[in-house]
Amino acid sequence: MARDQLPYEGVLVTAFEPFGEHETNPTIAAAEAVARECPGAVTEVLPVEFDAACTRVRELMDEHQPHMVISLGLAAGRTEITPERVAINVMDAPIPDNSGAQPIDEPVVAGGPAAHFLTLPNKAIVQALRDEGIPASLSNTAGTYVCNAVAYAAAEHAQTTGMDVRTGFVHVPSATEPGSDTGTPSVEQHLIDAAVVSAAKLSCSVRDGDLRTDIGATS
């Protein structure tokens with residue numbers, strides 16, 4: 001793939017279908033926003049199924065040979081856009097996935113390392129979103145559901161294949177429309193879309209390293 005053919009060729013963005021009690025998933029609209037604003041980016045909606053989602057993200061990486069993988073997931077209950085720092089080699093599902101599977105204390109990849117640090121410029125993304133007035137913070141846990149599994153699978157695949165690719169995961173809150181109030185933690189969909197587009201563009205401009213700033217946590 002000629003990486004300079006289009007501005008964002010080599011960028012792979014994955015979203016997730018609705019799952020559990022959620023009738024919609026704001027990551028779908030966010031991925032569509034990337035497709036509109038970042039010509040050449042590849043986007044796909046993954047099933048919320050441990051095996052199928054992990055398999056598909058590996059297939060997409062092999063097919064498109066991206067230099068950037070940005071996976072998106074819904075973290076209902078959060079109130080900020082949260083890039084993830086680490087993915088762990090554990091599947092511990094509090095609810096069944098959309099295929100009915102509910103792995104408990106199982107590895108994402110048998111024999112794989114305990115965790116992978118994700119390699120997007122996460123602190124730079126958080127700072128840029130804050131500068132734009134979008135609520136954002138760095139997260140140190142992607143949970144143990146399908147989101148974490150996909151983040152881990154992509155990072156592990158990049159390492160084991162020697163693929164020159166930065167991988168990462170961005171959790172987004174539940175979405176609302178402007179002026180609506182659901183009474184639950186949420187962020188307006190247009191801000192989620194803008195945040196994900198900004199994260200994709202920034203990740204392309206910062207090819208190595210990250211911002212060194214105090215966006216850590218004490219607990």
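Okay, let's start with contacts: in the protein chain, among contacts with a separation of 6 or more, 79% are between residues 24 or more positions apart. Contact here means heavy atoms within 4.5 Å.

Before going on, a word on provenance. This is a predicted model, where local features need pLDDT of at least 70 and side-chain atom pairs count only at pLDDT 80 or more, while totals for chains, interfaces and linings use all residues. Residues are numbered from 1 along each chain as its sequence is written, and side-chain values use heavy atoms, with hydrogens and water left out.

Now the overall picture. The chain has 219 residues, and a compact globule of that length would have a radius of gyration near 17 Å; the protein chain comes out at 16 Å, which agrees. That radius is taken over C-alpha atoms, and the globule rule is 2.2 Å times the number of residues to the power 0.38. Along the principal axes, the C-alpha trace spans about 45 × 40 × 35 Å. As for burial, 50% of the residues count as buried, meaning under 20% relative accessible area, with exposed being over 50% and partly exposed in between, using a 1.4 Å probe on protein chains only.

Secondary structure next: five helices and nine strands. These are DSSP runs numbered from the N terminus, helices being H or I with at least four residues and strands being E with at least two. Reading from the N terminus, you get β-α-β-α-β-β-β-β-α-α-β-β-β-α.

On to α3. Its buried residues are Asn 122, Lys 123, Ala 124, Ile 125, Val 126 and Leu 129, and what covers them includes β4 and α5. Just after the helix, Gly 133 takes a positive phi of about 85°.

Now, the aromatics. The structure holds two aromatic pairs. Rings of Phe, Tyr and Trp (its six-membered ring) pair if their centres lie within 6.5 Å; planes under 30 degrees apart are stacked, over 60 edge-to-face, and the rest tilted. Phe 19 and Tyr 145 make a tilted pair, 5.9 Å centre to centre with 40° between the planes. That one links distant parts of the chain: Phe 19 is in the loop between β1 and α1 (26–37), Tyr 145 in the loop between α3 (122–131) and α4, 126 residues apart. Then there's Phe 50 with Tyr 145: centres 5.5 Å apart and planes at 85°, so that pair is edge-to-face. Phe 50 sits in helix α2 (residues 50–64) and Tyr 145 in the loop between α3 and α4, so the pair ties together parts 95 residues apart in sequence. Phe 19, Phe 50 and Tyr 145 form one aromatic cluster. And burial? Phe 50 is buried at 3% relative accessible area, Phe 19 is buried at 13%, and Tyr 145 is buried at 13%.

Cys 147 is in no disulfide either, the nearest cysteine sulfur being that of Cys 54, 11 Å away.

Last stop, His 116, in strand β6 (residues 115–117). His 116 is buried, with a relative accessible area of 8%. Leaving aside neighbours within four places in sequence, its contacts include Arg 85, Tyr 152 and Glu 156.

Methods
A disulfide is a pair of cysteine sulfur atoms within 2.5 Å.
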